[in-house]
Amino acid sequence: MRNTAVVGDALYWLHLMKYGLVLLLTAIAIPGLHAAEKVYQTGKIVDAQQKTTARVLYYQVDTPVTKDEPYFEVSVQVKDTIYVGDYTPRHSADTLPEEWNLPQAEVRLRLEKHYMFLTRPTGTELQFVITKRIAAASAPQISESPSPKK
């Protein structure tokens, strides 16, 4: 009698573990089905500058004590739009990749609502906060004036 109770308990736990495993695998698989694939585009770097901003450390009496912190401003043209973004490095000695300093250097990027992610030559990404979106001016077309009739 005791033997059948042990077998019944073992079957119960076996079924419970089987359903638990199915539930766990389903919970792991579902977010992957809805994940959007990152869409990369190719753009051209129009301008890259290192700038500084003054950050207030503290106030002494009524006088602010500030520290200059570097940041980078990069302009990237994608199709008919120029995106201007700011990147603040973790360390003040950090720089942008040398390849980005060439005129009209191509770069892979992906755009989100407020951010652009530029891919370094090593494959990692730098996150820039988009500060401006500018319509790229089309190249001026030179038209010759018609010659006067004789």
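Leaving aside neighbours within four places in sequence, T119 is in contact (heavy atoms within 4.5 Å) with Y40, W100, V107, R108, T124 and E125. T119 lies in strand β5, where strands are DSSP runs of E with at least two residues and helices are runs of H or I with at least four, both numbered from the N terminus. At 13% relative accessibility, T119 counts as buried, a class that takes in residues under 20% relative accessible area, with exposed meaning over 50% and partly exposed in between (1.4 Å probe, protein chains only).

The structure is a predicted model, in which local features need pLDDT of at least 70 and side-chain atom pairs count only at pLDDT 80 or more, while totals for chains, interfaces and linings use all residues. Residues are numbered from 1 along each chain as its sequence is written, and side-chain values use heavy atoms, with hydrogens and water left out. The chain averages a pLDDT of 82, and 82% of the residues score at least 70; pLDDT is the predictor's confidence in each residue, from 0 to 100. Over residues 139-145, pLDDT stays under 50, and the model has zero contacts beyond four places in sequence for this stretch. Where pLDDT is low, the predicted coordinates should not be read in detail.

Turning to the overall layout, the chain holds one helix and six strands, and from the N terminus on its elements follow the order α-β-β-β-β-β-β. Of the 150 residues, 20% count as buried. The accessible surface comes to about 12,300 Å², with 57% of it belonging to carbon and sulfur atoms; areas come from the Shrake-Rupley method with a 1.4 Å probe, and for residues only the protein chains shown count as cover. Among contacts with a separation of 6 or more, 49% are accounted for by residues 24 or more positions apart.

The six strands form a closed barrel in the order β1-β2-β3-β6-β5-β4, with antiparallel pairing; two strands pair if DSSP finds at least two bridges between them. The twist averages 40° from one strand to the next, with axes taken as lines fitted to C-alpha atoms (for helices over the stretch in contact) and angles running from 0 to 180 degrees between N-to-C directions. Strands of a sheet pair through backbone hydrogen bonds, either parallel or antiparallel.

Seven bridges join β2 and β3 in the antiparallel sense, and F72 stands opposite Y87 in β3. These two strands form a hairpin with two residues between them. Strand β3 is mostly covered, with five of its seven residues buried.

Strand β6 also pairs with β5, again antiparallel, through five bridges, and here M116 has F128 as its bridge partner. The β5-β6 hairpin has five residues between its strands, and G123 in the turn has a positive phi of about 105°.

Both M116 and F128 belong to the largest nonpolar core, which has 16 residues; those with the most contacts inside it are V76, L96, W100, M116, L118 and F128. Such a core is a set of buried Ala, Val, Leu, Ile, Met, Phe, Trp, Tyr and Cys residues joined through side-chain atoms within 4.5 Å. Strands β2 (63-78), β3, β4 (106-111), β5 (115-119) and β6 each supply at least two residues of this core, and β2 gives the most, with four residues. Not counting residues up to four places away in sequence, F128 touches F72, V74, G85, D86, Y87, L96, W100, H114, Y115, M116 and L118.

Most residues other than glycine have a negative phi, and most peptide bonds are trans. V61, in the loop between β1 (41-60) and β2, has a positive phi near 60° and is exposed, with a relative accessible area of 76%. K79, in the loop between β2 and β3, has a positive phi of about 55° although it is not a glycine. K79 is likewise exposed, at 73% relative accessible area.
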